[in-house]
Structures are given as C-alpha cells and as structure tokens.
Amino acid sequence: MTNRHSSPLPAAIDELWANRAELSPSDTAARGVVVGAIDQLDTGRARVATVTADGEVVVDERAKRAILLSFKVLGMARSQVGDFQHHDRLPLKTTFDGVRVVPGAIARWGSYLAPGVVLMPSFTNIGAFVGSGTMVDTWVTVGSCAQIGENVHLSGGVGIGGVLEPPNALPVVVEDDALIGSRAMLVEGARVGRGAVVGAGTILSASMPVIDVQTGEELGRGRIPDWCVAVGGTRPKEFAGGTFGLPCVLVLKRLEAGQRHDKAALNEVLREHGVHA
C-alpha cells in the first residue's frame, strides 16, 4: 500500500491539520472547509482509499485528516429519530439514493453507499465506502474508512475494523465479488481479494500469515488472494514453555476467476477439510 495520492480535497485541509491543536467549534471558517470535505466523502466524490488497476491500494491521507478534524470543529448536538435520542458531533447520513435501508440500520454522515447497496440492521461509520450491489447483513459493522467493493456479501455479524489513528494506519479493503462469512473479523489494514470466500469466524489482521494448505507456502501477511476459499487456522510455534498454535489464515482452494459463489459447492469444500459451513 502507498500514500501517494492526488486528493480531490482542498489543500486547506493540510493547513488546518498543521494547526489542529488550536481549532474549536467556534472556528467557523475551518468548519466550512471540513464540512465541505466530508460532504465529498458522503457523496462518493472523494474516498479514503482506492485500488489501482495494478492492484495497489492508494490512501488519501487528506481525507483521513478531514475526518479527524471534524471532531475538532463540530460541536455536540442533540438529534432524534422516533423515540431514540442522540448526542454526538456527527449527524446521521441522509443521502440514500438507490439504497435499501432496513429499519435499525445506521450510517453516519461521511460514509458513501452506492446505489444498489442493501443495509440490514447494521452500522456504517464515517469514511467508509460501500460499492454497488453489496449486502451489509444483520449486525455487521463497517468501520471508519473501510473500503468495500461491489457485489460483496458481508454476512451476519461480520466485523470490519475501522482506522483513523495513527495517521499512517491503513484501512481494511474488501474487493469486488467477495463473500465474508458470518462473524468473521477483518481488522488493522487487512485485505480480501476479489472473489475470495472467507469462512465463518475467520480473523484476519495485517500481520497475520496467509498459508496455502496445498503447498505449505506462506503467501504473505494480511491479504487473502483473489478467487480462493480461506478459513481461520493455527500453525505450531516453539516457545520456551512449549509448542503452541498461533493464528493464521489457510487457503483451502483456488477458484476459477469469475466463478460464482455456489453455496452447495462451497459447503462441500469446507466439509472436505473438516470445517463447518
């Protein structure tokens, strides 16, 4: 991943960042600049990170700075949805063109939801980007700045970690056509490749090794390759006190590029390796 990026957001954000310790909600000019920047994130005209044609993730640090500055220049405000009352610096999102939002779903201003997204009762935080055709299922959390591609299925209870601080921290990226199984957790800059299937309960962080079970090869850390089936596992490591299993992610099978996710076939792959679907 890299931070080289030509940001669509104004350079004034960088100037405000350099003087952030002096900012407060009384700085109306600063608030106008920051609100304008967050509005661009909210409508998808800007985003925290993108995946280039050659597969590189490029982060817009100016966008992350704008989000952090919003907590400096926005005052606490009360709001109400039905009988529910809230007290926060950030309002809820109000732009849902072409998006299905089921009662109980919450999305914060500054998150982008493309037309065709379905939000079951879930939470989407500021700076997140969710692509067209993606299902955000019940009790899913899409954390701050997370980047979710098109036609992704985030199954029930999935946790997508957020990232704002430290400034050089990298967001979670889930690429197009991926399927993330129930209660899986993707955190700390983890990346799931296009078309990948991540088994239920899998945990992936940027430092976690990803291993091909057919060869024993470590494929890297923190990234599940495109078009594969992966599950959580362990590998033994010797310590002074004995041999213990440390967590890893295991790639069980490679899929044909563009292959649709057939639930029966995926269940068979998992059963073959003694893993419950």
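Helix H2 (residues 28–42) has 15 residues, which at 1.5 Å a residue should span 21 Å; its end C-alpha atoms are 20 Å apart, so the two values agree. The expected span here is 1.5 Å times one less than the number of residues in the helix. Helices (H or I, at least four residues) and strands (E, at least two) are DSSP runs, numbered from the N terminus.

The model is a predicted one, in which local features need pLDDT of at least 70 and side-chain atom pairs count only at pLDDT 80 or more, while totals for chains, interfaces and linings use all residues. Residues are numbered from 1 along each chain as its sequence is written, and side-chain values use heavy atoms, with hydrogens and water left out.

The buried residues of H2 are Ala30, Val34, Ala37, Ile38, Gln40, Leu41 and Asp42. Buried means under 20% relative accessible area, exposed over 50%, and partly exposed in between (1.4 Å probe, protein chains only). An α-helix has 3.6 residues a turn, so residues three or four places apart point the same way. The cover over the buried residues of H2 includes helix H1 (12–18), helix H3 (61–73) and strand S7 (112–113), where contact means heavy atoms within 4.5 Å. Just after H2, Gly44 has a positive phi of about 80°.

For H3, 13 residues at 1.5 Å each should span 18 Å, and the end C-alpha atoms are 18 Å apart, which agrees. At the start of H3, a side-chain oxygen of Asp60 comes within 3.0 Å of the backbone nitrogen of Arg62. A polar contact is a pair of N or O atoms within 3.5 Å; within protein, one must be able to donate a hydrogen and the other to accept it, and residues adjacent in sequence count only if both atoms are side-chain atoms.

**Buried strand residues**

| Residue | Strand | Relative accessible area |
|---|---|---|
| Leu204 | S21 (residues 203–204) | 0% |
| Thr124 | S9 (residues 123–124) | 0% |
| Cys228 | S25 | 0% |

Leu204 and Leu219 are 15 residues apart in sequence, and their C-alpha atoms are 14 Å apart in space.

Thr124, not counting residues up to four places away in sequence, touches Ile106, Ala107, Arg108, Ser111, Leu113, Leu119 and Val142.

With neighbours within four places in sequence left aside, the contacts of Cys228 are Gly195, Ala196, Val197, Val251, Lys253, Arg254 and Leu255. Between Cys228 and Gln40 there are 34 Å in space, C-alpha to C-alpha, and the two are 188 residues apart in sequence.

**Loop residues**

Most residues other than glycine have a negative phi, and most peptide bonds are trans. Trp139, which is not a glycine, has a positive phi of about 65°. Trp139 sits in the loop between strand S11 (135–136) and strand S12 (141–142) and counts as exposed, at 60% relative accessibility. Trp227 also has a positive phi, near 50°. The loop that holds Trp227 runs between strand S24 (223–224) and strand S25 (228–239), and Trp227 is buried, with a relative accessible area of 13%.

Ser155 lies in the loop between strand S14 (153–154) and strand S15 (159–160). Ser155 counts as buried, at 11% relative accessibility. Its side chain reaches the backbone oxygen of Ile180 at 2.8 Å. Leaving aside neighbours within four places in sequence, Ser155 is in contact with Asp137, Val140, Leu179, Ile180, Gly181 and Ser182.

**The second largest pocket**

The second largest pocket holds about 260 Å³ of space. Of the 18 residues that line this pocket, the closest to its centre are Arg47, Ile148, Gly149, Glu150 and Asp176. Strand S1 (49–51), strand S13 (147–148) and strand S16 (173–174) are the elements that give two or more residues to the lining; the largest share, three residues, comes from S1. On a 1 Å grid over the protein atoms alone, a pocket is an open set of points where a 1.4 Å probe fits, with protein on both sides within 12 Å along at least five of seven lines, and lining residues have an atom within 4 Å of a point. Grid points are joined across faces, edges and corners, and a volume is the space filled by probe spheres set on the points.
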